[in-house]
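User: I'm new to this structure and would like to learn how its descriptions are reached. Could you walk me through it?

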Amino acid sequence: METKIERNTFGKRLGSMLKVDFRRMFTMPLIYIVLAACLVAPILITVMVTMMEGSVTVNPQTGAESVMEGFDSAWQIIGTVSGEASADAAAGMSMDITTMCNINMLYFAIAALVCIFVSADFRSGYAKNLFTVRAKKTDYVISKTLVCFVGGALMIFAFFIGSLLGGAISGLPFDMVGFGVFELIMCILSKMILVSVFVPIYLIMSVVGKQRLWLSLILSFMVGMFLFMMIPMLTPLNSGIMNVVLCLTGGALFGVGLGAISNTVLKKTALV
Amino acid sequence: MNAIEIRNLTKNFGPKQALSGLNMTVPQGVIYGFIGENGSGKSTTEKIICGLIHESGGSVKLYGKPHTDADVRAKIGVLIEAPGCFSSYSVWNNMKLQAANLGIKNADEEIIKVLKLVRMEGAASNKYKNCSLGMKQRIGIAMALLGNPTLLVLDEPINGLDADGMRIMREVLVDITKNGCTVVVSSHILSELEKIATHYGIVRGGKMLCEMTAEELEASCRTYVALKAQDTNRAKMILGCKYSRVEEDEAGYIRVYDMTTPEEIVTHLYENGILVSEIKTDKIGLEEYYIDLMKEGKR
């Protein structure tokens, strides 16, 4: 019996690697745990914040009273209309629970997904098998970027669905003030596409850390922090096509530029 | 054309030189036993051959082409350190992943073929994490065999295996070479390696001490006379006065390595009042040859 091997072209190699990576991503329990968490977290957040709304806490040292703020609408956990966030920040309200616990937190959770997914390749020795035989580093970087992007975008979408459910359960108003359905769709789309900016960053950190997951995570969180502030600015609730295009452009630039760096890191460093 | 041809290979890890001008020639279709102490540079050489780490200098050619050549790399199968499997996956699924990465179209048939070759066809549905060490090593070899490689690089494949595991592994490696596959295998268990290797390369301090065929090793392994006498210490002393190299082995035999006959030794001891209770002639094996070589190297 003769072994039939497909031609060793870029397309064929990338195709087979994508097939393997998608299969891996969607057969590992982690992705389902993460997606379930993304679905449940906004429900828990909205329900709990709504329940606690209006409760008064007293600082035992200063005696100062503070009243727990709740969500004004179901969309607040997704984002704010552009201008609102800066106005809130100027008013010193930017650190309350309604602005902290929102969809933007997911960009850190995506770091964990990417780091765990990539470091598993190195910890198991799978990457070693991969690079010895047929795969090229470029194929690896492209494949990982695409698969992690899909995983991350699904997380955003799951959180969005969870937010709708949470809003409905908590009885929050679904009034769209300053934006419409189209803008909301563009906002979610922008947020999903924005994942493509973060994934290449986390991928570099993962290939730097290789089997040292802790290092990949620390580096990813540290570097991700620098870009965290741009998320609400780039993806407000009243997003338009321009926001989508901006995120797409950013994703393409980061993907190519940082992908090339990941590729160089893989080429210049030992794989075992 | 040789399967592997390495010239003046050097590798530095910071200030430490792991390889210092290593030369290595592996003909096609042989089982090449790659021997050396811990840290002598065996694994480093194998990793460079497989493209897992980069050399600092020198050249590595596989089938006459640079080892970085994609076509040549597609001919390599590797088992270095661990097999590279996901522990939560079944053996079959791990094999499927590797087959997909290799672009094998008839993956199922291929997987069955290689699993049969390593006597693992019955364990395909087992989870990888539930496999024994011996099974894992064989799975690693099966994965390395996917895609019909012509060169197999195995790093310590028999480490940690029990006697039965070693026997199976031995049989597997011999079966593989029947199809013309070249196998480079490093191991510390020289007695096992001796049973299968057709060629040897002995490395020390990042340099190749010597390369030889099994026949050349056989020819260069000295014969010795081993005996047991009534008074071992006195017998050793008397023999030591006449012969240049007399040693006592772990089993309590006195070994005389000089060119001599058992009759001559028995007579000499008898003349000195010592009776010999047992005497035989034997040849030193790979292990002793290697130890001798290392001692000479140190001297």
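This is a predicted model: local features need pLDDT of at least 70, side-chain atom pairs count only at pLDDT 80 or more; totals for chains, interfaces and linings use all residues.

User: Why are H8(A) and H9(A) called roughly antiparallel?

Analyst: Helix H8 (residues 181-209) and helix H9 (residues 213-228) of chain A pack at an angle of about 150°, with their axes 8 Å apart. Angles over 145 degrees count as roughly antiparallel, so that is the name for H8(A) against H9(A). Their crossing is right-handed.

User: What makes up the contact of H8(A) with H9(A), by class?

Analyst: There are 11 nonpolar, five polar and no charged residues. Among them are A:Phe198 and A:Ile201 of H8(A), and A:Leu219 and A:Val223 of H9(A).

User: Why do S12 and S14 of chain B stand at the edges of their sheet?

Analyst: Four strands of chain B form an open sheet in the order S12-S13-S11-S14, with antiparallel pairing. S12 (246-248) and S14 (276-283) each have a single partner strand, so one side of each is left without a neighbour in the sheet.

User: How do you know that S12(B) and S13(B) pair?

Analyst: A pair needs at least two bridges. S12(B) and S13(B) have three bridges, in the antiparallel sense, so they count as a pair. One example is B:Val246, whose bridge partner in S13(B) is B:Val256.

Notes:
Residues are numbered from 1 along each chain as its sequence is written. Chains are lettered from A and ligands numbered from 1 in the order in which they are written. Axes are lines fitted to C-alpha atoms, for helices over the stretch in contact, and angles run from 0 to 180 degrees between N-to-C directions. Helices (H or I, at least four residues) and strands (E, at least two) are DSSP runs, numbered from the N terminus. Angles under 35 degrees count as roughly parallel, over 145 as roughly antiparallel, 65 to 115 as roughly perpendicular and the rest as oblique. A crossing is left-handed if the near helix is turned anticlockwise from the far one by less than a right angle, and right-handed if clockwise. Two residues are in contact if their C-beta atoms, placed from the backbone, lie within 7 Å. Ala, Val, Leu, Ile, Met, Phe, Trp, Tyr, Cys and Pro count as nonpolar, Asp, Glu, Lys and Arg as charged, and the others, Gly among them, as polar.
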